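Please look over the model shown here before reading the notes on it.

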Amino acid sequence: MSADNGFEPTIIGFLCNWCSYAGADLAGGSRKKYAANVLPIRVMCSGTVSPHHIVKAFQMGADGVLVTGCHIGECHYMKGNYMTAKRIPVVKELLGFIGISPDRLMLDWVSASEGEKFARVVTEFSDKIRSLGPSPLKGRVHGRVKEESQASA
Amino acid sequence: MYLEVMDGKVTGTLPSMNHPISEGSLCIKGWNAHEPVHSQKRLTKPLIRKDGVLTEASWDEAISNVAGELARIRDQYGPNSLAVLTSAKCTNEENYLLMKLTRAVLGTNNIDHCARL
Amino acid sequence: MEELKKKVKQALEEGKIHGFLGLKADEGDISPFFMTKDNIAELEKLTAPDGRYSLGKILSRIAAQNPGKAIGVMVRGCDERAIIELTKASQLGTASTVQFGVACTPQTAEKCNCPQPYPSTIDFGEKAKSVNHGELLTKLEQMSVEDRLAYWMAQFDKCIKCYGCRNICPVCYCQECTLEDKNLVPGGIVPPATPVFHFIKAMHMADRCIDCGLCEATCPSNIPLRTIYRHMRKVMQELFDYVPGRAADDKSPLGTLEEGGRLIH
Ligand code: SF4
Ligand code: SF4
Ligand code: FES
């Protein structure tokens, strides 16, 4: 695999508190091996992940963005993930149109008991991003913007 | 450029869509040209700093004060010790006049415009 | 035009409308104007020129000042679509509108690249054919993703952050604009955060853009903004069969929590 080129992707993971975040915990607790490329950000519902967060992650140099939420019908806030399910495909289309491969954004549903699935999703997505290579936005980003946003972060 | 006026107050700016030069575009200063009009922070009367405190003054007093000080500094330190900064909020003609005043009367080329900041 | 003027005048005099918003020609200058019974002579200058303005947006400001009143407005195809979107978003408050429909000439329609150059009811003019030049969109869609990035980065780099595209847009109405959020778009830097600035705008336009083209017309840097928003309109139609500006009782799938489109299970 292209892992030999030494590229280790940075992936921002927006994980829903009620399911996938617990799923990730379970995966860790049961000592499942999975790729360590995902930097998890806990959100209260996948529906709160705005397109702005996703594009900001890319702008700040993420190679991929993973959004995980409760299965449809199991969202803690009833229909929060309906929003996610409708929104993410639109975001993917826009990313693709402005020149960021839509494959760099992934949505999946992982429940609190699916530690194994979480490990699989993360590993597969990391592999995919590894084969896609570094984000084309890296280095292209307006230098001063990058400095400033990192300073304020 | 058009100003939107509602009940006697300037509330917005619009570009002139069929203007042969700007062709419907404005820069950010143009788009916000209405904002200073009713601003509370606007200077409406001349103020002179007396003993460190800004004090209301008449136009005559203010103008002769400015003229006197400018002449004093010019005579004492030379014209190039003066500099003038003009404003995008003035008309072209006002900016032109200030340029004339600076070069012909004060005798310096030290004049610039805030749009170049 | 005389017919239309008469209609408006009558509506004003009979008190059917409190005021009227339209376009006027003043020594060749085209501008929007709002008038009431008190300055009825202004009506003489009413015109349906080539030049356009965001009448919908101006209408929403007038509506805010005149709650509960009926406002007459001259509408073209694009104005009508904008008013539909503004109504959906409750931007006209309790004011109601009486629309006077103006169909655009084939020349205007061509110039605007207008998908529907006439409103549903026409009081003046004749229906011109729809125009749909989408060469750039097709070209971009066929490009590789790398080439598209290079193309858009070069375009976005030209942006002088004048906010004109947002200011002129008839369906941009938020009091607090995400494009001014300092965390997303840091202040004092031109071009603005690339591509975040334009990405945000496009995302917000996805379920709202009524394809009037005013943003592109006002952009001092000639960025083909409308092409992005046209792509988003296409996406919304393909995924959810949703077209902004089509009907006032449509609900945006991105604005409601309901099921819709293809839910990924
Ligand atoms: S074409 Fe531009 S100005 Fe017109 S509605 Fe769409 S985004 Fe707004
Ligand atoms: S109108 Fe053009 S230059 Fe101005 S902010 Fe929009 S894209 Fe940038
Ligand atoms: S609470 Fe998990 S997706 Fe809404």
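What follows describes a predicted model, taking its cavities and then its sheet.

**Cavities**

- By class, the lining of the largest cavity comprises ten nonpolar residues, four polar and one charged.
- The second largest cavity has a volume of about 80 Å³, and the residues that line it include C:C169, C:C209, C:C212 and C:C215, together with C:D211 and C:R226.
- Nine nonpolar, one polar and two charged residues make up the lining of the second largest cavity.

**Sheet**

- Four strands of chain C form an open sheet of mixed pairing, in the order β2-β1-β3-β4, with β2 (29–36) and β4 (96–101) as the edge strands, each pairing on one side only.
- From one strand to the next, the twist averages 30°.
- Strand β3 (residues 70–75) of chain C runs parallel to β4(C) and is joined to it by six bridges, and C:V75 stands opposite C:G101 in β4(C).

**Helices on the sheet**

- Helix α1 (residues 2–13) of chain C packs on the sheet, where it touches β1 (19–26), β2 and β4 of chain C, and its direction makes about 160° with that of β4(C).
- Helix α2 (residues 55–65) of chain C also packs on the sheet, touching β1, β2, β3 and β4 of chain C, with its direction at about 135° to that of β1(C).

Notes. Residues are numbered from 1 along each chain as its sequence is written. Chains are lettered from A and ligands numbered from 1 in the order in which they are written. This is a predicted model: local features need pLDDT of at least 70, side-chain atom pairs count only at pLDDT 80 or more; totals for chains, interfaces and linings use all residues. Side-chain values use heavy atoms; hydrogens and water are left out. Ala, Val, Leu, Ile, Met, Phe, Trp, Tyr, Cys and Pro count as nonpolar, Asp, Glu, Lys and Arg as charged, and the others, Gly among them, as polar. On a 1 Å grid over the protein atoms alone, a cavity is a set of points where a 1.4 Å probe fits but cannot get out, and a pocket is an open set with protein on both sides within 12 Å along at least five of seven lines; lining residues have an atom within 4 Å of a point. Grid points are joined across faces, edges and corners, and a volume is the space filled by probe spheres set on the points. Two strands pair if DSSP finds at least two bridges between them. Helices (H or I, at least four residues) and strands (E, at least two) are DSSP runs, numbered from the N terminus. Axes are lines fitted to C-alpha atoms, for helices over the stretch in contact, and angles run from 0 to 180 degrees between N-to-C directions. Contact means heavy atoms within 4.5 Å.
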